[in-house]
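Hi everyone, thanks for coming. I'd like to walk you through a structure that may be new to you, so please have a look at it first.

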Amino acid sequence: MNKQQLFENIKKKQSFLCVGLDTDIKKIPQHLLSEEDPIFAFNKAIIDATADYCVAYKPNLAFYESLGVKGMLAFEKTVTYLHENYPDQFIIADAKRGDIGNTSEMYARSFFDHIKVDAVTVAPYMGEDSVKPFLIYPEAWVILLALTSNKGSQDFQMTEDANGERLFEKVLKKSQDWATNEQMMYVVGATQGKMFLDIRKYAPNHFLLVPGVGAQGGSLHEVAQYGMNDECGLLVNSSRAIIYADKSEDFASYARKAAEEVQREMAGYLHDKGIIPCKA
């Protein structure tokens, strides 16, 4: 999916919501444990319930890898289900890969040739040769970690050099030598607030993947206020607040309500920005 297609879908659905499929076997409703594949059964129900209100899904690989082969099969089945039933959804493998050489090439081949997701999250610490192998796929996206929402982001990302330039700023500037905003996005945590203004100084036209809204306490209002550009430029992820909104057998309907509430708020920000027509 290219940038224009993503933007058109945002306008059509009046939403820039990404639903994070952080599916934990210990947190899903108990009645699903009798299913042949509980993880996929949960994901399928969540997707069917929320697809009207979001434009992207983001399975977090750690949750699937933790279950071994069965977990990875559930991940692949989830991606296939999205392709076959909701082809307008942007699929992000939240894998945070960051190796070099043949290893990076194999990661890229796995996600883009075999599983066929739209995007992969990548760590920039090892530099250009850890990112380039993902960029040889012209229809695929790299989502580079820039400024994350965790407390430890202060340890390295905010450190300054002798000229006062912070590490995350170096990442933003240097990485734009590797790819354009048609193939690269950045991860910026929702808890960063006004820091989105600094991000936009260096990456005014890039899409930003924004985790941390919902259970992590990030403000959607601040993200939209400081991070939105004329093409929206945001994919705001919510995981636990949506997928674990309820643990009864009616869990999917609660997830749908939670996603709808976020979508309504997002529609307001898109109206305010003039990206979609104002309500009559």
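Let's begin with helix α4, residues 68-85: at 1.5 Å a residue its 18 residues should span 26 Å, and because its end C-alpha atoms are 26 Å apart, the two values agree. The expected span here is 1.5 Å times one less than the number of residues. Helices (H or I, at least four residues) and strands (E, at least two) are DSSP runs, numbered from the N terminus.

A word on what you are looking at: this is a predicted model, where local features need pLDDT of at least 70 and side-chain atom pairs count only at pLDDT 80 or more, while totals for chains, interfaces and linings use all residues. Residues are numbered from 1 along each chain as its sequence is written, and side-chain values use heavy atoms, with hydrogens and water left out.

Back to α4. Which of its residues are buried? They are G71, A74, F75, T78, V79, Y81 and L82. These residues cover an arc of only 160° around the axis, which puts them on the same side of α4. That arc is taken from the directions from the helix axis to the C-beta atoms. Buried means under 20% relative accessible area, exposed over 50%, and partly exposed in between (1.4 Å probe, protein chains only). An α-helix has 3.6 residues a turn, so residues three or four places apart point the same way. On the face of α4 turned away from the buried side, you'll find the exposed residues V69, K70 and E84.

What do the buried residues of α4 pack against? Their partners are β1 (17-21), α2 (38-50), β2 (56-59), α3 (61-65), β3 (90-97) and α5 (101-115). Contact means heavy atoms within 4.5 Å.

Helix α5 is also where S104 sits. S104 is buried, with a relative accessible area of 0%. Leaving out residues up to four places away in sequence, S104 touches D99, D129, S130, P133 and F134. Take D129: it is 25 residues from S104 in sequence, and 8.4 Å from S104 in space, C-alpha to C-alpha.

Now for the pockets. On a 1 Å grid over the protein atoms alone, a pocket is an open set of points where a 1.4 Å probe fits, with protein on both sides within 12 Å along at least five of seven lines; lining residues have an atom within 4 Å of a point. The largest pocket has a volume of about 810 Å³. It is lined by 36 residues, and K96, L145, T148, Q157 and V187 lie nearest its centre. The elements giving two or more residues to this lining are β3, β5 (141-147), α7 (153-156), α8 (167-175) and β8. Helix α8 provides the largest share, five residues.

Helix α8 also holds E169. E169 is buried, with a relative accessible area of 5%. Beyond its neighbours within four places in sequence, E169 is in contact with G164 and Y202.

Definitions and conventions: Grid points are joined across faces, edges and corners, and a volume is the space filled by probe spheres set on the points.
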